[in-house]
Amino acid sequence: MTGAQILIECLKREGVEVMFGYPGGSVLPIFDKLYDADIKFILTRHEQGAAHAADGYARATGKVGVCLATSGPGATNLVTGIANAYMDSIAMVAITGQVKTHLIGNDAFQEADVTGVTRPITKHNYLVKDAKDLATIVRQAFYIASTGRPGPVLIDIPVDVQQQDIEFIWPEETKIRGYNPTLFGHPGQIKKAAKLIAQSKKPILYAGGGVISAGGYNELKELAEKIQTPVTMTLMGLGGFPGTHELSLGMLGMHGTAYANHAIMESDLIIAVGARFDDRVTGRLDHFAPNAKIIHIDIDPASISKNVKVDVPIVGDVKNALGQLLEEIKTTPHTSDWLKTIESWKKKHPLTYKDDVKIKPQYVIEQIYEATGGEAIITTEVGQNQMWSCQWYKYTNPRTFISSGGLGTMGFGFPAAMGAKLGCPDKTVFDIAGDGSIQMNIQELATCVCNKINVKVAILNNGYLGMVRQWQELFYKKRYSHTCITGPDFVKLAESYGAAGIRVTKKEEVRPAIEKALSTDNTVFIDFHIDPEENVYPMVPAGEAINRMIGGMA
Ligand SMILES: Cc1ncc(C[n+]2csc(CCOP(=O)(O)OP(=O)(O)O)c2C)c(N)n1
Ligand SMILES: [Mg+2]
């Protein structure tokens, strides 16, 4: 078999059903084999779209997302998508073509040192120098991407290796020396954690994306109910615990709820589960949760005590470790006073906005929530649109909220929605977008229409790079330097691609437009002309303690 045939055969054996990508000279042998392979191939209109679509597919399904690009510019166009997956620990395999082995290092046409470029943004990467290593490398790549703390793995394959003829041997086993993720928590640490929990009076569960990637949703819910402890989630953790549950505090951090931020600051015990104490969550570190002991469950030992020193580290798979903890806990803490205090904060300081005749973005999202019965997969772009989507849609199931957390990549949401829809064709998929962000990968409209990928895009059109404008308003004396942004006529643009477009300029048109989009068997752009200077509150100014919120409780 040729290297290209071996690659396709390995992808099939790894269970790959869909892949995203773009052709070019250095991947022609692979594309030739894809011509009659039974893998669905989605030709995007930009390689960045392919990487984000693979990422969205992975987040929605829990499978490995796969993308493919040619050498040089094709590969460098993947870079943002790979970095995005790396920051959010998403299982992805990115395959790139490379110039012929004897030309590597020669500044050959369309040569880029892609393994060099992606080294700091991949969990691992490979340059395949001989086709006889290819099968082993593909197996390892999928194994590394999907086990332990998931992440992107890149395989760079020179053209001559794709053409090389060799015997195909499928490696039955994958063993990688020095790579052995710890799956269960140390029993001694679990005991210590159970003891701390029993003694605490003001515990809080702080859940991150690890709950979702490990499939620990049921265990987290069981634990929260058993120990009657409130749960706050990071952006990546939304959907990891039902947002409608009475123990849910919603999201914490820079744009978190006032009660979540106060609860974590006042707590005497933080049980961190698959979360990494990101700076958007902790705010000013030396003021963070001064009275709390910390238990930290994470599969990645490197993320423990990285930002915040913890008292009881538990290295292990979140689902397993929560299961162990559930078994170990015999005495539950007395939290009724604590829950009462939090309940009063919730009542006094709920998330709010001033309703108006103008269309408020929060209102649009509430209407999307109601119209979809809370059952849609929501993807977002980055900025105010993203934060409002965290605040105003309640996610009750894992893998229903898909957003660029760590990297904050404008242009992520639309291609990610495509990937999610391909992975979950029976679900309604909505990209809640900003008018700036949507213009960063708007070319994927063609991909949607051509492949009948019916995603709905709600553009919260404020005529601004809204989140940056908000910072300029609050911290730069309203000097709106280059944040007023124009766009095309989104309705005409969608129509020109063969998609549908709806413009909404009045509040009473909001719900009917959403209903119309839902009943349209096509990709739909809804252009909501929202109040242009609406802000996201509460807000913790960068570098402040997280209970010092603008628009939160004093
Ligand atoms: C690729 C990229 N470039 C720049 C930024 C910085 N940035 C963060 S939010 C934002 C504004 C986004 O504007 P828009 O998509 O209209 O969303 P809004 O905040 O108005 O809802 C910018 C420029 C980014 N996050 N990503
Ligand atoms: Mg905007």
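1. Tyrosine 464 is buried, at a relative accessible area of 15%, where buried means under 20% relative accessible area, exposed over 50% and partly exposed in between (1.4 Å probe, protein chains only). This is a predicted model, in which local features need pLDDT of at least 70 and side-chain atom pairs count only at pLDDT 80 or more, whereas totals for chains, interfaces and linings use all residues. Residues are numbered from 1 along each chain as its sequence is written, chains are lettered from A and ligands numbered from 1 in the order in which they are written, and side-chain values use heavy atoms, with hydrogens and water left out.

2. Aspartate 435 lies in the loop between strand E15 (429–434) and helix H18 (444–450), and tyrosine 464 in the loop between strand E16 (456–461) and helix H19 (466–475), so the pair ties together parts that are 29 residues apart in sequence. Helices (H or I, at least four residues) and strands (E, at least two) are DSSP runs, numbered from the N terminus. Aspartate 435 is buried as well, with a relative accessible area of 3%.

3. The charged end of arginine 469 is placed over the ring of tyrosine 464, 5.3 Å from its centre, and that of lysine 507 over the ring of tyrosine 363, 4.8 Å from its centre.

4. The aromatic pairs come to 13, on the rule that rings of Phe, Tyr and Trp (its six-membered ring) pair if their centres lie within 6.5 Å, with planes under 30 degrees apart counted as stacked, over 60 as edge-to-face and the rest as tilted. Tyrosine 395 and phenylalanine 401 have ring centres 4.7 Å apart and planes at 50 degrees, so the pair is tilted.

5. One open sheet consists of six strands with parallel pairing, in the order E2-E1-E3-E4-E6-E5; two strands pair if DSSP finds at least two bridges between them. Strand E2 (40–43) and strand E5 (124–127) stand at the edges with a single partner strand each, so one side of each is left without a neighbour in the sheet. From one strand to the next the twist averages 20 degrees, axes being lines fitted to C-alpha atoms, for helices over the stretch in contact, and angles running from 0 to 180 degrees between N-to-C directions.

6. Within this sheet, strand E6 (residues 152–158) pairs with E5 in the parallel sense over four bridges, among whose residue partners are leucine 127 with aspartate 156 and asparagine 125 with leucine 154. E4 and E6 run parallel and are joined by seven bridges, and glutamine 98 has proline 158 in E6 as its bridge partner. Seven of the seven residues of E6 are buried, so the strand is largely enclosed by the rest of the structure. Both of its faces are covered, with Pro152, Leu154, Asp156 and Pro158 buried on one side and Val153, Ile155 and Ile157 on the other.

7. Helix H4 (residues 73–87) lies across strand E3 (65–69), strand E4 (92–98) and E6, and runs at about 165 degrees to E4. In helix H1 (residues 3–13), the buried residues include Ile6, Leu7 and Leu11, and the elements covering the buried residues of H1 include strand E1 (18–21), helix H2 (28–34) and helix H6 (134–146), where contact means heavy atoms within 4.5 Å. Glycine 15, which follows H1, has a positive phi near 85 degrees.

8. Another open sheet has six strands in the order E9-E8-E7-E10-E11-E12, again with parallel pairing. Its edge strands, strand E9 (248–251) and strand E12 (312–315), each pair on one side only. Strand E11 (residues 293–298) pairs with E12 in the parallel sense over four bridges, and histidine 296 stands opposite proline 313 in E12. Helix H8 (residues 187–199) packs on the sheet, touching strand E10 (269–273), E11 and E12, and its direction makes about 135 degrees with that of E12.

Technical notes:
Lys NZ or Arg CZ within 6 Å of the ring centre and 35° of its normal.
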